[in-house]
Amino acid sequence: MERILVVDDEDKIRAIIRKYGEFEGYEIAEAHDGMEAVEICRKEDFDLIILDVMMPELDGFSTCREIRKFKEIPVIMLSARGEEYDKIHGFELGIDDYVVKPFSPRELMMRVKVVISRNNKKDVRDGHEIFQAEGLVVDFTGRTVTVDGKRVEMSPKEYELLFYLVRNRNIALDREKLITEVWGYDYYGDDRTLDTHIKLLRSSLGEYRKFLVTLRGVGYRFEA
């Protein structure tokens with residue numbers, strides 16, 4: 001049975017995650033702040049941490065940083081803020097996913113399942129988290145992409161979009177979700193920007209564009 005630590009200063013949030021997590025067969029432990037989470041992680045092992053960003057005393061980013069000093073545990077961050085800076089900062093710390101409140105508990109459980117499954121199969125080389133499918137290699141830690149051994153240069157937004165798609169591979173991602181997660185919660189630009197970046201990604205990926213599937217009327221899915 002996989003063990004999950006839920007860290008949030010809101011009792012109702014912890015309670016609803018516990019309810020849905022236990023229904024899915026996970027063992028749930030709770031911490032009401034970052035300091036408590038750090039101490040629990042010193043004593044116990046977990047398969048995943050669901051970690052709120054905005055907490056008193058020690059925020060989610062600092063909590064993640066402290067835990068990573070002594071243990072490598074996958075992290076899904078929760079936040080009422082959807083600013084691009086927060087998401088990028090979280091991914092730079094090595095988190096596995098970022099979910100904006102309010103969230104669907106069922107969707108969160110789906111993401112929990114994906115992250116746990118992905119980390120059970122995680123490819124780590126020389127301290128770098130790597131995803132590889134045939135000749136496509138995505139280095140999340142080094143923020144590089146290579147196609148058949150040749151490094152591909154992309155814009156920062158292309159990298160963010162590809163990394164998000166790959167981290168959430170085999171999940172149907174609607175257009176609004178992709179725009180919110182990659183461009184930011186407050187983005188009000190033309191959603192054709194997403195299509196343009198998808199087109200650029202397909203060009204960059206060469207024959208491995210086959211992994212990037214269009215879901216008509218919905219969005220996109222990275223299948224590999």
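Me: Where is the place of glutamate 160?
Reply: Glutamate 160 sits in helix α6, residues 156-167. Helices are DSSP runs of H or I with at least four residues, numbered from the N terminus. This is a predicted model: local features need pLDDT of at least 70, side-chain atom pairs count only at pLDDT 80 or more, and totals for chains, interfaces and linings use all residues. Residues are numbered from 1 along each chain as its sequence is written, and side-chain values use heavy atoms, leaving out hydrogens and water.

Me: Why is glutamate 160 called buried?
Reply: Its relative accessible area is 13%. Buried means under 20% (1.4 Å probe, protein chains only). So glutamate 160 is buried.

Me: Which residues is glutamate 160 in contact with, leaving aside neighbours within four places in sequence?
Reply: Ile88, Arg143 and Val182. Contact means heavy atoms within 4.5 Å.

Me: What makes α6 oblique to α7?
Reply: The axes of α6 and α7 (residues 175-183) come within 10 Å and cross at roughly 125°. Axes are lines fitted to C-alpha atoms over the stretch in contact, with angles from 0 to 180 degrees between N-to-C directions. Under 35 degrees is roughly parallel, over 145 roughly antiparallel, 65 to 115 roughly perpendicular, and the rest oblique. Therefore α6 is oblique to α7.

Me: Which residues of α6 and α7 meet?
Reply: Lys157, Glu160, Leu161, Tyr164 and Leu165 in α6 meet Lys177, Leu178, Glu181, Val182 and Trp183 in α7.

Key:
Helix = DSSP H or I, 4+ residues; strand = E, 2+ residues; numbered from the N terminus. Buried < 20%, exposed > 50% of the residue type's maximum accessible area, 1.4 Å probe, protein only.
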